[in-house]
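Have a look at the sequence and the structure first.

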Amino acid sequence: MNMPLNIALIGAGAMGGAIGRRLLATGQNLTVFDLDPEKVADLVKLGASAAASAAEAAAPCDYVITSLNAPHIVEIAIFGAGGVAEGAKKGTLIIDMSSIDPEATKTMGNKAAEKGLRWVDSPLSGGAPKALSGELTLMAGGTAPDVEDAHNVLQYLASNYTHMGPVGAGQTTKLINQVLCGLNFMAVAEATQLALDAGVDAAKVPVALKGGRADSAILQEYMPRFATKDYRRTGRIDNMVKDLNGAQDLARRTHTSMPLTALCAEVHRMLTAAGLGGEDQAALMEYFTGPDRTQFD
């Protein structure tokens with residue numbers, strides 16, 4: 001039996017909370033810091049230890065996982081007052097599971113190295129449900145030894161773990177993932193509306209197309225949800241905006257033409273401007289009819 005690992009978790013929101021629950025379920029020693037005490041309390045009830053700061057959380061741990069929403073938040077959590085860098089011992093491995101800009105990641109990775117800390121960016125695909133079952137898809141950026149060391153932790157969270165290159169390569173791969181997901185969500189939403197307008201039972205379409213070239217995990221999960229306007233929250237439209245913005249920024253730096261991504265981003269921005277940014281991707285169906293705000297109350 002493997003000895004429990006000592007892990008700090010910085011950020012216990014929807015995704016971080018699921019990561020924390022899975023690590024506790026697999027018997028790891030978890031110390032948690034989040035600005036929201038209720039989120040910390042949820043994990044403490046399951047056996048985690050609470051910390052008063054990111055520095056305090058990192059101090060007894062060999063690994064620090066961050067799951068945060070933006071690069072400036074990661075920067076503050078790691079290098080700000082009371083941040084990880086103040087408490088972590090030399091050689092601590094920071095595993096950033098946030099989805100943030102590759103260039104910001106490279107800068108923070110270099111800054112961490114100057115302080116004697118190691119960095120692996122390991123953004124994810126699969127969301128909270130896959131985190132809870134240990135079936136995430138992870139794309140890792142960092143040195144080969146650090147990526148291998150990070151797998152000692154991430155093996156409990158992921159069924160697919162790939163070393164993509166140096167620090168920042170994981171975040172670049174996540175942006176590519178989000179381009180594919182964003183376009184797929186839009187395609188499935190459009191196809192669902194066409195089925196509904198043409199009088200075809202949209203719930204049968206995924207069954208009919210299963211195993212064919214048009215099949216995808218998004219088709220199988222989301223066409224039935226699109227058809228019935230099942231808007232339970234497993235993701236956020238405004239998070240997709242963030243990621244598509246990141247992909248467009250990268251495209252500008254690499255002089256890559258991405259017209260379909262630009263359109264997809266605009267649709268997501270329109271829905272966010274209409275007040276639906278906090279809703280699940282299933283609410284893309286509101287693009288075709290206009291939002292009925294009463295159903296979100």
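What follows is a short report on a few helices, loops and cysteines.

## Ground rules

This is a predicted model, so to speak of local features we need pLDDT of at least 70, while side-chain atom pairs count only at pLDDT 80 or more and totals for chains, interfaces and linings use all residues. Residues are numbered from 1 along each chain as its sequence is written, and side-chain values use heavy atoms, with hydrogens and water left out.

Helices (H or I, at least four residues) and strands (E, at least two) are DSSP runs, numbered from the N terminus. Buried is under 20% relative accessible area, exposed is over 50%, and partly exposed is in between (1.4 Å probe, protein chains only). Contact is heavy atoms within 4.5 Å.

## H11 and its surroundings

Helix H11 covers residues 217–228. With 12 residues, H11 reaches 18 Å from its first C-alpha to its last, close to the 16 Å expected at 1.5 Å a residue; the expected span is 1.5 Å times one less than the number of residues. Ile-218, Leu-219, Tyr-222, Met-223, Arg-225 and Phe-226 are the buried residues here, and the buried residues of H11 pack against helix H9 (169–198) and helix H10 (205–209).

Ala-202 sits in the loop between H9 and H10 and counts as buried at 2% relative accessibility. Setting aside neighbours within four places in sequence, Ala-202 is in contact with Thr-192, Ala-195, Leu-196, Met-223 and Ala-227.

Just after H11 comes Lys-229, in the loop between H11 and H12. Phi of Lys-229 is near 50 degrees, a positive value in a residue other than glycine. Lys-229 is partly exposed, at 34% relative accessible area.

His-255 belongs to the loop between H12 and H13. Phi of His-255 is near 60 degrees, again positive in a residue other than glycine. At 74% relative accessibility, His-255 counts as exposed.

## H12 against H13

Helix H12 (residues 237–254) and helix H13 (residues 259–276) pack at about 145 degrees, with their axes 9 Å apart. Axes are lines fitted to C-alpha atoms, for helices over the stretch in contact, and angles run from 0 to 180 degrees between N-to-C directions. H12 passes H13 in a left-handed crossing, one where the near helix is turned anticlockwise from the far one by less than a right angle.

On the H12 side, the contact includes Ile-237, Met-240, Val-241 and Leu-244; on the H13 side, Cys-264, Ala-265, His-268 and Leu-271 are among the partners. The residues of this contact divide into 9 nonpolar, 5 polar and 2 charged. Ala, Val, Leu, Ile, Met, Phe, Trp, Tyr, Cys and Pro count as nonpolar, Asp, Glu, Lys and Arg as charged, and the others, Gly among them, as polar.

## Cysteines

How many disulfides are there? With a disulfide taken as a pair of cysteine sulfur atoms within 2.5 Å, the count is 0. The sulfur of Cys-181 is 10 Å from the closest cysteine sulfur, in Cys-264, too far for a bond. Cys-181 is buried at 19% relative accessibility, and Cys-264 is buried at 3%.

Cys-61 lies in the loop between helix H3 (54–58) and strand S4 (63–66) and is buried, with a relative accessible area of 2%. Not counting residues up to four places away in sequence, Cys-61 touches Asn-6, Ile-7, Ala-8, Thr-31, Lys-89 and Thr-92. Cys-61 and Thr-92 are 31 residues apart in sequence but 7.5 Å apart in space, C-alpha to C-alpha.
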